Amino acid sequence: MSPPAGKSLSSPRPALPHPASELLFTRPGPAPPLPRDAATPGVNHKFDPIPEIVDCQTEASGCDGGTPQKALDYLMHTGVTLAENYPYVGRWSSGCQPDHPKAIKLAVWGQLRNDAAIAQVLNGRSPIPSGYFMHPDIQLFTGGVFDPPDCKSDPDEFNHASTIVAHDAEAWILRNSWGPDWNGDGHFRLRKGACGIGMRSYSIILSHLY
């Protein structure tokens with residue numbers, strides 16, 4: 001889903017319109033101030049797998065479509081290079097550039113089945129890619145907890161993905177892909193259970209890290 005109209009993007013990589021392009025390392029940067037009981041992992045700025053996944057994950061459609069599952073499969077079976085070797089250029093390139101040395105791979109990934117499992121992984125300091133339905137009311141969202149009353153929860157209608165980086169008793173704290181000028185340094189709070197959040201969330205274990 002694209003960013004709200006009129007919102008600037010100070011990030012060199014603008015938002016891409018589908019979950020496969022908004023996976024895992026979306027908008028690297030610090031998390032917003034969190035409640036004292038929330039947990040947030042660190043972020044490694046050397047990695048930005050999105051350009052390589054968009055170009056090289058052939059079972060998707062580049063910037064036009066894909067799924068987090070396919071992107072995770074690519075990270076596990078093929079891996080990606082450092083961001084400096086495969087920079088974002090703002091478009092679907094003319095072809096995959098597979099010859100760069102791989103710097104990160106996944107050993108395994110798996111779907112998390114409930115909120116307790118998600119919280120356990122977060123408390124272990126690991127971010128969680130998650131698909132959900134992004135309600136159009138996000139265009140008017142200015143802060144607090146996002147909780148539209150008629151938000152869809154059918155996974156077949158999910159249209160966005162973000163990275164869950166922390167939580168409190170009421171909400172998941174998500175790192176979005178619309179740049180640091182949007183909302184709380186590019187993050188927002190989504191009520192637990194709203195918009196299908198948590199139904200398509202994934203735990204990852206790295207096998208190789210540069």
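Residues are described here as buried when their relative accessible area is under 20%, as exposed when it is over 50%, and as partly exposed in between, with a 1.4 Å probe and protein chains only. The structure is a predicted model, in which local features need pLDDT of at least 70 and side-chain atom pairs count only at pLDDT 80 or more, while totals for chains, interfaces and linings use all residues. Residues are numbered from 1 along each chain as its sequence is written, and side-chain values use heavy atoms, with hydrogens and water left out. Helices (H or I, at least four residues) and strands (E, at least two) are DSSP runs numbered from the N terminus.

A search of the whole structure identified two disulfides, a disulfide being a pair of cysteine sulfur atoms within 2.5 Å. In one of them, Cys151 and Cys195 are joined with their sulfur atoms 2.0 Å apart, and both of these cysteines are buried. This link is right-handed, with 115 degrees about the S-S bond of Cys151 and Cys195. It connects distant parts of the chain, since Cys151 lies in the loop between strand 3 and strand 4 (160–167) and Cys195 in the loop between strand 6 and strand 7 (200–209), 44 residues apart. The other disulfide joins Cys56 to Cys96, with an S to S distance of 2.0 Å; the torsion about its S-S bond is about 95 degrees, so this disulfide is right-handed. Because Cys56 belongs to helix 1 (residues 50–56) and Cys96 to the loop between helix 2 and strand 1, the pair ties together parts that are 40 residues apart in sequence. Cys56 is buried at a relative accessible area of 8%, whereas Cys96, at 34% relative accessibility, counts as partly exposed. With bonded cysteines counted along the chain, the disulfides of the protein chain follow the pattern 1-2, 3-4.

Nonpolar cores were defined as sets of buried Ala, Val, Leu, Ile, Met, Phe, Trp, Tyr and Cys residues joined through side-chain atoms within 4.5 Å. The largest nonpolar core has 24 residues, and those with the most contacts inside it are Ile138, Ile164, Trp172, Leu174, Phe188 and Leu190. At least two residues of this core are supplied by each of helix 3, strand 2, strand 5 (171–175) and strand 6, and the largest share, four residues, comes from helix 3. Another core, of twelve residues, lies apart from it and includes Ile53, Cys56, Leu72 and Tyr202.

In helix 3 (residues 115–123), the buried residues are Ile118, Ala119, Val121 and Leu122. Seen down the axis of helix 3, these buried residues fall within an arc of 165 degrees, so they line one face of the helix; the arc is that of the directions from the helix axis to the C-beta atoms. Ala116 and Gln120, on the other side of helix 3, are exposed. The N-terminal end of helix 3 is capped by Asn114, a side-chain oxygen of which lies 3.2 Å from the backbone nitrogen of Ala116. Helix 3 is followed by Arg125, whose phi is positive, near 75 degrees.

Five aromatic pairs were found in a search of the whole structure. Rings of Phe, Tyr and Trp (its six-membered ring) pair if their centres lie within 6.5 Å, and planes under 30 degrees apart count as stacked, over 60 as edge-to-face and the rest as tilted. The ring centres of Phe141 and Phe146 are 5.2 Å apart and their planes stand at 65 degrees, so this pair is edge-to-face; both Phe141 and Phe146 are buried. The rings of Phe141 and Phe188 likewise form an edge-to-face pair, because their centres are 6.4 Å apart and their planes are at 70 degrees. This pair links distant parts of the chain, with Phe141 in the loop between strand 2 (128–132) and strand 3 (145–146) and Phe188 in strand 6 (residues 187–191), 47 residues apart. Phe188 is buried, with a relative accessible area of 2%. One aromatic cluster is formed by Phe141, Phe146, Trp182 and Phe188.

Conventions: Polar contact = N/O pair within 3.5 Å; in protein donor to acceptor, adjacent residues only side chain to side chain.
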